Amino acid sequence: QVQLVESGGGLVQAGGSLRLSCTASGRTFSSLAMGWFRQAPRKEREFVAAIRRSGGLTAYADSVKGRFTISRDNVKNTVYLQMNSLKPEDTAVYYCAVDQTAWGSTLLRDFTSWGQGTQVTVSS
């Protein structure tokens, strides 16, 4: 069992920055690949970024590539999402989750142990 808690969301102006954190319970965090997803009103939940256990391999959605950076601190059992150059279309609830696969995935169906989400609102 892994419990995830997201934090760091809020209201920010377009062009601004925000850093989200996702903290996991337990002592097995270093063995888990992690991902960030987001869901805007009336939209399906979509992939944002993913990171492998070591932190050396990452993946990003085209819409955020070059603006967002995913990282992790296995000592702190935390994965981060640094969001720069924010746009109004980034407005959504952001969730972190655990990758259930052994090979790594960006697909919603391959993730579990979802956090409660944190709201990010970007004003124009």
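Me: In which loop does Ser113 lie, and how should I read the word "strand"?

Reply: Ser113 lies in the loop between strand 10 (111-112) and strand 11. Helices (H or I, at least four residues) and strands (E, at least two) are runs assigned by DSSP, and they are numbered from the N terminus. Before we go on, keep in mind that this is a predicted model, in which local features need pLDDT of at least 70 and side-chain atom pairs count only at pLDDT 80 or more, while totals for chains, interfaces and linings use all residues. Residues are numbered from 1 along each chain as its sequence is written, and side-chain values use heavy atoms, with hydrogens and water left out.

Me: What is the phi of Ser113, and is the residue buried, partly exposed or exposed?

Reply: A residue is called buried under 20% relative accessible area, exposed over 50%, and partly exposed in between (1.4 Å probe, protein chains only). Ser113 has a phi near 55 degrees, which is a positive value in a residue other than glycine, and at 24% relative accessibility it counts as partly exposed. Arg42, which is found in the loop between strand 4 and strand 5, has a positive phi of about 65 degrees although it is not a glycine. With 92% relative accessibility, Arg42 counts as exposed.

Me: Which residues touch the most other members of the largest nonpolar core?

Reply: A nonpolar core is a set of buried Ala, Val, Leu, Ile, Met, Phe, Trp, Tyr and Cys residues joined through side-chain atoms within 4.5 Å. In this structure the largest such core has 34 residues, and those that touch the most other members are Met34, Trp36, Leu81, Met83 and Tyr94. Among the elements that give two or more residues to this core are strand 3 (18-24), strand 4 (34-39), strand 8 (78-83) and strand 9 (92-99). To look at one member, take Tyr94 and its contacts, a contact being heavy atoms within 4.5 Å. Leaving aside neighbours within four places in sequence, the partners of Tyr94 include Leu20, Trp36, Val48, Phe68, Leu81 and Met83.

Me: How many disulfides are there, and which residues are joined?

Reply: A disulfide is a pair of cysteine sulfur atoms within 2.5 Å. A search of the whole structure finds one, and it joins Cys22 to Cys96, with an S to S distance of 1.9 Å. This pair links distant parts of the chain, since Cys22 is in strand 3 and Cys96 in strand 9, 74 residues apart. The torsion about the S-S bond of Cys22 and Cys96 is about 65 degrees, and therefore the disulfide is right-handed. Cys22 counts as buried at 0% relative accessibility, and Cys96 is buried with a relative accessible area of 0%.

Me: How many salt bridges are counted, and which residues are linked in a network?

Reply: A salt bridge is a side-chain nitrogen of Lys or Arg within 4 Å of a carboxyl oxygen of Asp or Glu. By this rule there are four salt bridges. One of them brings together the side chains of Asp90 and Arg38 (2.9 Å, N to O). Asp90 lies in the loop between strand 8 and strand 9 and Arg38 in strand 4, so the pair ties together parts that are 52 residues apart in sequence. Both Asp90 and Arg38 are buried. The side chain of Asp90 also meets that of Arg67 in a salt bridge (2.8 Å, N to O), and here Arg67 is in the loop between strand 6 and strand 7, 23 residues apart from Asp90. The network of salt bridges links Arg38, Glu46, Arg67 and Asp90.

Me: What is the order of the strands in the open sheet, and which strands stand at its edges?

Reply: Two strands pair if DSSP finds at least two bridges between them. The open sheet of four strands has the order 1-3-8-7, with antiparallel pairing. Strand 1 (4-7) and strand 7 stand at the edges, each with a single partner strand, so one side of each is left without a neighbour in the sheet. Strand 7 and strand 8 pair in the antiparallel sense over six bridges, and Thr69 stands opposite Gln82 in strand 8.
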